[in-house]
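Here's a quick briefing on the structure below. Have a look at it first, then read on.

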Amino acid sequence: MGKGLFAGAVLIAAFALAAPAQATVVDRDHYSAPYSDDFELCGFSIHTEGVVSGNFRIRAGKHDLDTAFFALDNYAYSETWTNTENGRTLTIWGDAVIRDVSARHVSGSIFEFTTVESGRPFNLADASGRVLLRDRGAIRTTYRFDTEGDDTPGGVFLEELAVRVSGPHPGFGMSEDEFCAVITPLLS
């Protein structure tokens, strides 16, 4: 998909680490960031304008999870894609909560996390507001992560172990060709 949507997803993913209630909060903030981008996709020259906003909190783990950091990110974004050659538009938006629901110490500084994103993370509408794609429900991802054993949030993603999708998510895993088939009539 487009770089604008990708930029929003990267920001969201950056906060995608939450922990048990007894853990210590090490950071929290509200964010709001406008963005714009120009890119080529599906044979179109596209300009996108958007804004992403939300609230996040990062917590430190306890005991055998003391080098693991967890986040909760409640986010929303909206962006308008414009075909720069003819001015036709579409809108993409989403709102969801990303929360780490569990972590298991594997060895050293390696942990197995389970993260759930729930809500409506991806929606696509034509210029009149008619929704053509609507993802909703939950996506549960289990993955291995190296926290690097320090007392700083972050680390190295190692591998995805499992993904479970609940609810309709027609945009999830959509190929570029499938996505182009949806947006071509809207931007032509």
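Let's start with Arg130, which is exposed at a relative accessible area of 52% (buried means under 20% relative accessible area, exposed over 50%, partly exposed in between, with a 1.4 Å probe and protein chains only). Arg130 makes a salt bridge to Asp126, with the closest N and O atoms 3.1 Å apart (a salt bridge is a side-chain nitrogen of Lys or Arg within 4 Å of a carboxyl oxygen of Asp or Glu). Asp126, on the other hand, is buried, with a relative accessible area of 11%.

Keep in mind that this is a predicted model, where local features need pLDDT of at least 70 and side-chain atom pairs count only at pLDDT 80 or more, while totals for chains, interfaces and linings use all residues. Residues are numbered from 1 along each chain as its sequence is written, and side-chain values use heavy atoms, with hydrogens and water left out.

**Fold and confidence**

- The protein chain has two helices and seven strands (DSSP runs numbered from the N terminus: helices are H or I with at least four residues, strands are E with at least two).
- Reading from the N terminus, the order of elements is α-β-β-β-β-β-β-β-α.
- The average pLDDT is 88, and 88% of the residues score at least 70 (pLDDT is the predictor's confidence in each residue, from 0 to 100).
- Residues 1–21 are the stretch to treat separately: their pLDDT is below 50, and beyond near neighbours in sequence this stretch has 55 contacts in the model (contact means heavy atoms within 4.5 Å).

**Surface**

- Of the 188 residues in the protein chain, 43% count as buried.
- The accessible surface of the protein chain is about 9300 Å², and carbon and sulfur atoms account for 51% of that (areas come from the Shrake-Rupley method with a 1.4 Å probe; for residues, only the protein chains shown count as cover).
- Val163, Val165 and Phe172 make a nonpolar surface patch of about 220 Å² (patches are made of residues with over 30% relative accessible area and no salt bridge; like charges are joined within 9 Å, and nonpolar side chains, meaning Val, Leu, Ile, Met, Phe, Trp and Tyr, within 5 Å).
- Phe172 sits in the loop between strand 7 (156–166) and helix 2 (176–187), and at 42% relative accessibility Phe172 counts as partly exposed.
- Glu85 is in the loop between strand 3 (69–83) and strand 4 (89–107), and Glu85 is exposed at a relative accessible area of 68%.
- Glu85 and Ile46 are 39 residues apart in sequence, yet their C-alpha atoms are 8.4 Å apart in space.

**Salt bridges**

- A search of the whole structure turns up five salt bridges.
- Arg104 pairs with Glu112, and the closest N and O atoms are 3.1 Å apart; Arg104 is partly exposed, with a relative accessible area of 42%.
- Glu159 and Arg144 meet through their side chains in another salt bridge, at 3.4 Å from N to O.
- That pair links distant parts of the chain, with Glu159 in strand 7 and Arg144 in strand 6 (residues 131–146), 15 residues apart.
- Glu159 is partly exposed at 36% relative accessible area, and Arg144 is partly exposed at 23%.
- Shared partners join Arg104, Glu112, Arg144 and Glu159 into one network of salt bridges.

**Aromatic pairs**

- The whole structure holds ten aromatic pairs (rings of Phe, Tyr and Trp, the last by its six-membered ring, pair if their centres lie within 6.5 Å; planes under 30 degrees apart count as stacked, over 60 as edge-to-face and the rest as tilted).
- Phe70, Phe111, Phe113, Tyr143, Phe145 and Phe157 form one aromatic cluster.
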